[in-house]
Amino acid sequence: MEAALSFMAALATVHLALWLAIVSLRLAVDADLHPSDAVLAFLIAVAGCILAGRSQAAIRATAIIGSALLLATWGVALIYAAALDSLSYDGQTYHALAIRHLRDGWNPFRDQLTPNVPPMTWLNHYPKASWIWATGIEAMVGSYQAGKATNLVLAIAAGAAVFSAASAVVHAPKWACFLFGALAAANPVASVQMAEYYVDGLLGSLLTIMAAGALIWTRRQSPLALLMICAAAICLVNVKFTGLVYALLLGSVVFAVSLLRRRTRLAGALPVLACLLAVVGPGYNPYVTNMLDGDHIFHPVMGDRQIDILGISDSTPSPLDGYPAAAQLALSLASETANSCRKCDPGRLKPPFVVRESEIRGATIPDPRTGGFGPLFSAALLLAAILLVVSMRAGAASMTLGISLVVLVGLVMVNPAAWWARYVPHLWLIPLTIAAFLHRAELGPIGRVARIALLVVLVANAGFMAVIASGYAAYSTLEARAQVANLARSGPVYVAASPWAGALQRLHDGGVAVAEREFGQPDCQEVVTVLRSDLDVCVPVAP
């Protein structure tokens, strides 16, 4: 089981990394994206993973089972993603615009969309992995919404990687490996974005895969684990700007550890090399194109022409004003799960172990600004701290656990906006890592109670966020599709030019006859605003 799940996790990341590489080659020679890119990447990935794992016993059987698991995961993920509409602002505006332009033949390696102002600025200068995958999926299966399937695929791959790490590194029994893997897959940042075109969940899942692979590599020097680390790094670099920072730092840790092992020094440098190749290859746009234009590599987020397009100044909750980054993080973790921007819910402080009714609404938001890891996460951190202190006094905390926690905390605190959970999804791994490493430690009564309570709280917290987010996504999709069905029965309608490309796509997918043109009130029998958007639809006056 460990070998099959490890193969599946490696195959999932290698497949997506090769997919990006193939598409980048097409873009470099000014060729169009092709539906076969994903299939070709999968076949090469299977061969590569078999080659990397050839020293393992029964590698053929492992490859067959691992490949079958991944294909089954893709099947479930495609059905899930197609069944739920992306109804967030980000998902319906710049993410949908990017997918539409790529579908229509835009080559970001050679062309810049004009005018270069928001939201086009984001398309021109943001990493493009999620859009490339989504465009390819849509071309293969004919469903725009199915393009979000990578969210679930990578979440399950992250769970598989953690299962393997728990077995290989801490020698947990199977039931515990399944539990730790399920909790890793159910990272609240990923679960609340599962039906959305957001990238923070992808970031969290990929970081989990890379970290789990690093633990396995440290323990066993497995070539398959090293391949998984490198593939995850390539994907991270091309999912989000912070992905490059996190992947480089984590890759550097792997390299530093390898320097202590003379036989693995060169191999240990490969994750850092993978990051650099990801920048000049699939990441040519935006990283290289930004520098060629004389801008900061992370333009427009940083540099002389920095634009506050992230909205951090407006999004930071008022109670966090004036505090240093560490204090902002602590206040956010101690607050309600809420969309606590300046004009939204207040996100009040609360005691640990308390769940308020208002937090049900917070779990329906794809990027809650306070308490973003769920209403019980502060309790989980408190229990994890107690468990860690007890284990240290008992001499049960290993050096590997200590190094792992230092790395995870460092990867969180390096981000000045760590108070917003979506920017540091790997924070979820801190209490989970403590629980995994100490699950079999010889502890006193307080330690044993804290250990059991920690697992119960983590499961309850993850379940709360996942169930409410998925349930709300299903309800919202039914409501939105019912409105679109009514508009389809109204006959041809008009819509004006708008950045709400996702809402427009929903109209097309629902069979609405749409003509894009400007209109005034006298032209319309009725003006309907598409649910969960600002797109106005004109039902024309009968001739």
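Reader: To begin at Arg-532, is this residue buried, partly exposed or exposed?
Author: The model is a predicted one, and the values discussed here are computed from it. Buried is the class for residues under 20% relative accessible area and exposed the class for those over 50%. Because Arg-532 has a relative accessibility of 36%, the class for Arg-532 is partly exposed.

Reader: Where does Arg-532 lie, and what is its phi?
Author: Arg-532 is placed in the loop between strand S3 (524–529) and strand S4 (536–540). As a background point, most residues other than glycine have a negative phi. Arg-532 is not a glycine, yet its phi is positive, at about 60 degrees.

Reader: Which loop holds Gln-221, and what is the phi of Gln-221?
Author: The loop between H11 and helix H12 (223–239) holds Gln-221, and with a relative accessibility of 26% this residue counts as partly exposed. Gln-221 is a residue other than glycine with a positive phi, and the value is near 50 degrees.

Reader: What is omega for the cis peptide bond that joins Pro-118 and Pro-119?
Author: Pro-119 belongs to the loop between H5 and H6. The cis bond that joins Pro-118 to Pro-119 has an omega of about 5 degrees.

Reader: How many residues apart are Arg-110 and Asp-30, which form a salt bridge?
Author: Side chains of opposite charge can pair when their charged atoms come close. In the salt bridge between Arg-110 and Asp-30, the closest N and O atoms are 3.9 Å apart. Arg-110 sits in the loop between helix H5 (94–103) and helix H6 (120–125), while Asp-30 sits in the loop between helix H1 (2–28) and helix H2 (36–52), and the separation of these distant parts of the chain is 80 residues.

Reader: How many salt bridges does a search of the whole structure find?
Author: Beyond the pairs above, Arg-517 and Asp-523 meet in a salt bridge at 3.8 Å, N to O. A network of salt bridges also links Asp-200, Lys-240, Asp-367 and Arg-422. For the whole structure, the number of salt bridges found is 13.

Reader: Which helix gives the most residues to the lining of the largest cavity?
Author: The largest cavity has a volume of about 150 Å³, and among the 17 residues that line it, those nearest its centre are Val-192, Glu-196, Thr-364, Ala-469 and Ala-473. By class, this lining has 10 nonpolar, 4 polar and 3 charged residues. The helix that gives the most, with 5 residues, is H23 (residues 445–488).

Reader: Which helix supplies the largest share of the lining of the second largest pocket?
Author: The second largest pocket has a volume of about 700 Å³, and of its 32 lining residues the closest to the centre are Ala-211, Leu-215, Thr-400, Ser-404 and Phe-437. The lining divides into 24 nonpolar, 6 polar and 2 charged residues. Several helices each supply at least two residues, including helix H8 (149–169) and helix H13 (241–259). The largest share, 8 residues, comes from H11.

Reader: What is the area of the nonpolar surface patch that includes Leu-276?
Author: Leu-276 is in helix H15 (residues 270–280), and its relative accessibility of 47% is why it counts as partly exposed. The patch is made by Leu-270, Leu-273, Leu-276, Leu-277 and Val-280, and its area is about 440 Å².

Key:
Residues are numbered from 1 along each chain as its sequence is written. This is a predicted model: local features need pLDDT of at least 70, side-chain atom pairs count only at pLDDT 80 or more; totals for chains, interfaces and linings use all residues. Side-chain values use heavy atoms; hydrogens and water are left out. On a 1 Å grid over the protein atoms alone, a cavity is a set of points where a 1.4 Å probe fits but cannot get out, and a pocket is an open set with protein on both sides within 12 Å along at least five of seven lines; lining residues have an atom within 4 Å of a point. Grid points are joined across faces, edges and corners, and a volume is the space filled by probe spheres set on the points. Helices (H or I, at least four residues) and strands (E, at least two) are DSSP runs, numbered from the N terminus. Ala, Val, Leu, Ile, Met, Phe, Trp, Tyr, Cys and Pro count as nonpolar, Asp, Glu, Lys and Arg as charged, and the others, Gly among them, as polar. Patches are made of residues with over 30% relative accessible area and no salt bridge: like charges are joined within 9 Å, nonpolar side chains (Val, Leu, Ile, Met, Phe, Trp, Tyr) within 5 Å. Accessible areas come from the Shrake-Rupley method with a 1.4 Å probe; for residues, only the protein chains shown count as cover. A salt bridge is a side-chain nitrogen of Lys or Arg within 4 Å of a carboxyl oxygen of Asp or Glu. Buried means under 20% relative accessible area, exposed over 50%, partly exposed in between (1.4 Å probe, protein chains only).
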